[in-house]
Amino acid sequence: MNYKRISAALVLCVSSGLAAVSTQAQEATLSDVLNFRQYSDNFASAGQPSIEQFSQIRDAGFERVIYIAFSNNQNAVPNADQVVKSLGMDYVHIPVDWNNPTARDFYTFADAMQRSPDQKTLLHCQVNARATAFSFLYRVIYEDVPVAAAKADMNSVWQPNETWRDLIFQLLAENNISPECEGCDWTPSNLGN
């Protein structure tokens, strides 16, 4: 009888250990995706994943990929829409001009998110600059994440340049949200200028 209890306990310990190793391996794999940032159980952003990394993204439970750069970018995965769909995930493409992002671009993204808010989603662009800016806005406007917390997440990838800072300010103002917060520096970077 004691052997049964010991065996059951041993099986439980081994199973728990394997699950922990599997979760750690999965997280390590996703951390290999350029500038991967996980914001919640259902929302993350990143730079351009490789074809192989799209499989790892699916294996991590992602159900939807939203791409917000142009498909002819030199780093874009050719036929990414077909790759993602063949893996069983939804694919949404919203081409956002780096030098001229618009409120309409953001609201198109937000609309896609709002149609299926519980769908585990990866938002990506080329380096995760566009995507972290849209993630910042979405989280602050729709998920009530404090500006300071969302800005710290965005700044872990980049400090927006003047074009993107101005878009962020415009969209926050449209939603009656102040960009001011303790420790927030909105000095534009020179990235892309």
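Residues are called buried under 20% relative accessible area, exposed over 50% and partly exposed in between (1.4 Å probe, protein chains only). The structure is a predicted model, in which local features need pLDDT of at least 70, side-chain atom pairs count only at pLDDT 80 or more, and totals for chains, interfaces and linings use all residues. Residues are numbered from 1 along each chain as its sequence is written, and side-chain values use heavy atoms, with hydrogens and water left out.

We may start with two loop residues. N35 is partly exposed, with a relative accessible area of 25%, and lies in the loop between helix 1 (2-31) and strand 1; helices (H or I, at least four residues) and strands (E, at least two) are DSSP runs, numbered from the N terminus. Although N35 is not a glycine, its phi is positive, at about 50°. N79, in the loop between strand 3 and helix 3 (80-86), likewise has a positive phi, near 60°, and counts as partly exposed at 49% relative accessibility. Most residues other than glycine have a negative phi.

Strand 3 (residues 64-67) and strand 5 (residues 121-124) run parallel and are joined by 4 bridges, and I66 stands opposite L123 in strand 5.

Axes are lines fitted to C-alpha atoms, for helices over the stretch in contact, and angles run from 0 to 180 degrees between N-to-C directions. Helix 5 contributes R130, A133, F134, F136, L137, V140 and I141 to the contact, and helix 7 contributes W164, L167, I168, L171 and L172.

Helix 7 has a further partner in helix 4 (residues 103-115), the axes coming within 10 Å and crossing at roughly 60°. Here A103, F106 and Y107 of helix 4 meet L167, Q170, L171 and E174 of helix 7.

Conventions. Contact means heavy atoms within 4.5 Å. Two strands pair if DSSP finds at least two bridges between them.
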